Protein chains: 2
Amino acid sequence: MKTSYQQQNDYYRGPTLLSTCMHSIGATNNSHQRDSHRVFHRKDNLLCVGDHFEGVYILRSGSAKSYVASRDGEEHITRFNYPGDILGIDGFDGQVHTQTVRFLETSSVYFIKKSEINSLMQTSADFRDGLLQSMSHTLACDSAMMMCLSTSSSEQKVARFLLDLSIGFSERGLSGSEFILRMSRTDIANFLGMAIETVSRVFNSFQQKKMIQVRLRYLSILDLGALNRCVAIDVCSHTVTSQSAPKKAMLAMN
Amino acid sequence: MKTSYQQQNDYYRGPTLLSTCMHSIGATNNSHQRDSHRVFHRKDNLLCVGDHFEGVYILRSGSAKSYVASRDGEEHITRFNYPGDILGIDGFDGQVHTQTVRFLETSSVYFIKKSEINSLMQTSADFRDGLLQSMSHTLACDSAMMMCLSTSSSEQKVARFLLDLSIGFSERGLSGSEFILRMSRTDIANFLGMAIETVSRVFNSFQQKKMIQVRLRYLSILDLGALNRCVAIDVCSHTVTSQSAPKKAMLAMN
DNA sequence: TGACAATCTTGTTTTATGTCAATTGATTCC
DNA sequence: GGAATCAATTGACATAAAACAAGATTGTCA
């Protein structure tokens, strides 16, 4: 079974918001490239809350999760990271990192020193635009996530999550319909703000409706349309007869 | 009663993440300052989803709400804005705005053209740092908000909301204990991802516990400590005898 | 000033989802 | 290779908060 799933930790070479930056750096100085690459393993931390800000990292291969911690020690995952993502951007404010970044599998990153960022901002318009664009894009994603967290049902949240993964893999030239969930159910539950049991139940429910096929961390999307419809209006769990009047009206408009 | 509440639409002159930027701009060119100031009224839109990105705005006085829209027309408020905040930053990605910004009261903004941003990024280290810092700070706030939305009870959400407002007003040199809620209950409910009725009930509950005093949009914080404790561990709505075992344990550790 | 429209509050009912508990199924590691 | 640990599922039950409904208050404009 494993063989049908694409390797997700191939080096990422496709277009990305920061591919331009890589160019700029390459053009500026080739000799230091060796030193700027670092490899990490599962459960390694790239950064911890409170670490001094030294620069940003571009994830080249593998995957990671970024999380914040509340006063009482509770952790909350704010993002899953994939190749091309910039890590450690949160350090610009106050020169201290507010998030911990932990790898989900063997991964490699490219490091850009603070001083390098500064000089590139002045000399390379591409780098400037790329960085601003990337941060701006992250802000937009956060807004969408907030909307998802605060207004969606459990089924909508999981559907949204799977679709985002699917889109992300597609953009990176991997299969958007068959992939491996590198994170645990606990991580997914934490990220989506729901109980782990509910995640399990929704997966099961989707599977019974032939929308997905899931076994442990191997996931196939069988009916993309159904997932998309689920996100737009949460009809997955209801029969038409049990629809409330407002929901019926919304369906009618479609 | 109104007289005891501070005017919130005085021009903001205190320290802010972008006060340095204002300096830089002032130093660069004084003559255009007149043109860059614009005044808006309640319910006016500064930006709409889909608008082409022309530059960013710094809110000088008043207040606004930023919201995104889903496919089915539902709106979700992602942020309330106060003097010193940068508006329109979301346009860096794709040169199109993804959020609508609407004023809650008569407000004024300072406009910085795209071309100006570009030249300032090159020439002024202060502006560069200020902008990156501001965006980074916003990202951190978003993370905290996501955590709040996904893991908090209704009482915790409202407590967190009031504390954030209080801190924001204090930082701006206004009273952190007595202020006007410029947004409607509906806006608050939308922002916090809860029903308007629940917002009303939580306000009432807090009032009965002498934590706050609220009448329409006039709000006083009577017991800051209680609000803070409510955010840390949600004990507001429970008596000690009804605590579950884990919650009791958490309380004991305090 | 009075009437209409918003906005906010309060009471009751319903339901989605969390919590608790038990079991099964994978990994890990001597 | 088998105990031990960790991860995921499944079922029964409890509950916080949404939905629904009705009323009170405030704001607005002729």
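Colleague: In what order do the four strands of the open sheet of chain B lie?

Modeller: The model is a predicted one. In chain B, the pairing within this open sheet is antiparallel. Neighbouring strands are turned against each other by 30° on average, direction ignored. The order of the four strands is S2-S7-S4-S5.

Colleague: Which strands of chain B stand at the edges, and why is one side of each left without a neighbour in the sheet?

Modeller: An edge strand has a single partner strand, so one of its sides has no neighbour in the sheet. In chain B this applies to strand S2 (45–47) and strand S5 (75–81).

Colleague: Which residue is the bridge partner of B:Asn45 in S7(B)?

Modeller: S2(B) pairs with strand S7 (residues 100–103) of chain B in the antiparallel sense, over two bridges. The partner of B:Asn45 in S7(B) is B:Arg102.

Colleague: Which helix of chain A packs on the sheet, and what angle does its direction make with that of S5(B)?

Modeller: The helix is H4 (residues 125–151) of chain A, which touches strand S4 (64–69) and S5 of chain B. Its direction and that of S5(B) make an angle of about 120°.

Colleague: Which element gives the most residues to the surface near DNA strand C?

Modeller: There are 21 residues around DNA strand C, and A:Ser153, A:Met194, A:Thr198, B:Ser184 and B:Ser200 come nearest. Elements giving two or more residues are helix H7 (196–208) of chain A and, from chain B, helices H6 (185–192), H7 (196–208) and H9 (245–253). With six residues, the one that gives the most is H7(B).

Note on methods: Residues are numbered from 1 along each chain as its sequence is written. Chains are lettered from A and ligands numbered from 1 in the order in which they are written. This is a predicted model: local features need pLDDT of at least 70, side-chain atom pairs count only at pLDDT 80 or more; totals for chains, interfaces and linings use all residues. Two strands pair if DSSP finds at least two bridges between them. Axes are lines fitted to C-alpha atoms, for helices over the stretch in contact, and angles run from 0 to 180 degrees between N-to-C directions. Two residues are in contact if their C-beta atoms, placed from the backbone, lie within 7 Å. A residue is near a molecule or strand if its C-beta atom, placed from the backbone, lies within 6 Å of it.
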